Amino acid sequence: TVYHDADADLSVLSDRTIAVVGYGNQGRAQALNLRDSGVSDVVVGNRADDSRQQAREDGFEAFDIAGAVSRADVVFLLIPDEVAPAVYEEAIEPNLSPGDLVNFASGFNVTYGYIEPADDVDVVLLAPRMIGTMVRDLYTQGRGAPALFAVHQDATGEAHEVGLGLAKGIGATRSGVVESTFEVETTTDLMSEQALFPLFAHAIMAKYRVEVEAGVPPEVALLESYLSREMAYIFEQAATKGMIEQLLLHSRTSQYGQLKGLESFDPEPMVAYMRDRLDAIQSGAFAEEWRAEQREGTPHLDELFETYRQSAFVQREQETMETLGLGDQ
Ligand code: NAI
């Protein structure tokens, strides 16, 4: 099911206080969108850091997390997934009242049982498919970021209606809100990260390797494959026209080359790799591995960053970006 503005009603929020817990990427964007949608009773819960200061500068009343949750009927949990279980246990759970609603922006902790909300609260998911700054920018342009929506627990019988009201408040129904489950959100999110991104990166690095071996200057290979942003533009066109229909923007030579390449490439090894990732995600093996890694202070994450930062490809990429003045544009 896909919901739009006409399917959601903001008036369900009129007698509810909303606590936005975490005023970071998503928190700031969603709090500002709620206020601009006319949802007046929004407070911020944040530890005493720059984010709390930012919330106050933006005109919100800001409390510590326990203080905001105890005042609220609806809690947006918008802190990093890694810290959420401990914060939930210490500052959120003890301050919830029966009938309150907790809104997650990621299915991860509930899917793997790292957060188990009490039976007497409503639990929903409103996961924008967009980074926080875009959630805000699209809203100010009169548009909205699409979102996945799910009801995990409906203690009051109103979770669905209130959740859709919240979706309207953050601007998501302007675009489209797709109903799903926490498990599906977690799976598709982790699959994009683990199955899709590494293959894109490998494809680009493989093309670079082959071209440089054949004498193509590294900066030319890099510019052609993604530094020019042509690739980013093509994906934008694919999102509005379709993967194949956007080919009409390319030359006939390009169309023929692309379609022949598509036909001749064997995707099966890639599919097998993706099935492996899916198994690790769905069995919880990846989640457990990542938890153990965090307990040890993320040594492998740090090592991987170091390895890739020092690779010849990345060094050359950074140099090229600097020479061409492309950084942080
Ligand atoms: P973020 O990294 O911007 O969060 C920063 C906020 O968390 C700050 O307010 C900070 O004070 C607070 N915080 C950090 N560590 C803390 C701790 N130990 N105790 C208490 N508060 C702490 O988070 P972001 O990226 O906005 O993510 C929030 C949620 O939104 C997550 O569930 C994430 O999966 C989800 N999400 C994020 C998207 C993104 O593009 N960043 C997209 C869609 C969903």
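This is a predicted model: local features need pLDDT of at least 70, side-chain atom pairs count only at pLDDT 80 or more; totals for chains, interfaces and linings use all residues.
How many residue pairs does the rule find in polar contact across the interface of domain 1 and domain 2?

1. The domain assignment divides the chain into domain 1, covering 2–180, and domain 2, which is made up of 185–228 + 265–323. Taken over C-alpha atoms, the centres of domain 1 and domain 2 are separated by 31 Å.

2. On the extent of the interface, 14 residues of domain 1 are in contact with 12 residues of domain 2, and the area buried between domain 1 and domain 2 comes to about 1,000 Å², with 56% of this area given by carbon and sulfur atoms. On the side of domain 1, the residues that lose the most area to domain 2 are F108, Y112 and Y114, which together account for 52% of what that side buries.

3. As to the opening question, the rule finds seven residue pairs in polar contact across the interface of domain 1 and domain 2, with both residues of each pair at pLDDT 80 or more. The side of domain 1 that touches domain 2 draws at least two residues from each of α5 (108–111) and β7 (122–128), and the residues of this side divide into eight nonpolar, four polar and two charged.

4. Turning to charged pairs, the rule finds two salt bridges across the interface of domain 1 and domain 2. A salt bridge also joins the side chains of R129 and D189, where the distance from N to O is 3.6 Å.

5. The sheet is open and is formed by nine strands, which follow the order β1-β9-β8-β7-β6-β5-β2-β3-β4 with mixed pairing. At its edges stand β1 (2–3) and β4 (62–63), each of which has a single partner strand, so one side of each is left without a neighbour in the sheet.

6. Within this sheet, strand β6, which spans residues 101–104, pairs with β7 in the parallel sense over four bridges, and the bridge partner of F104 in β7 is L125.

Terms used:
Residues are numbered from 1 along each chain as its sequence is written. Side-chain values use heavy atoms; hydrogens and water are left out. Domain bounds come from an automatic or database domain assignment. Contact means heavy atoms within 4.5 Å. Buried area is the accessible area (1.4 Å probe) that two parts lose on being put together, summed over both. A salt bridge is a side-chain nitrogen of Lys or Arg within 4 Å of a carboxyl oxygen of Asp or Glu. A polar contact is a pair of N or O atoms within 3.5 Å; within protein, one must be able to donate a hydrogen and the other to accept it, and residues adjacent in sequence count only if both atoms are side-chain atoms. Ala, Val, Leu, Ile, Met, Phe, Trp, Tyr, Cys and Pro count as nonpolar, Asp, Glu, Lys and Arg as charged, and the others, Gly among them, as polar. Two strands pair if DSSP finds at least two bridges between them.
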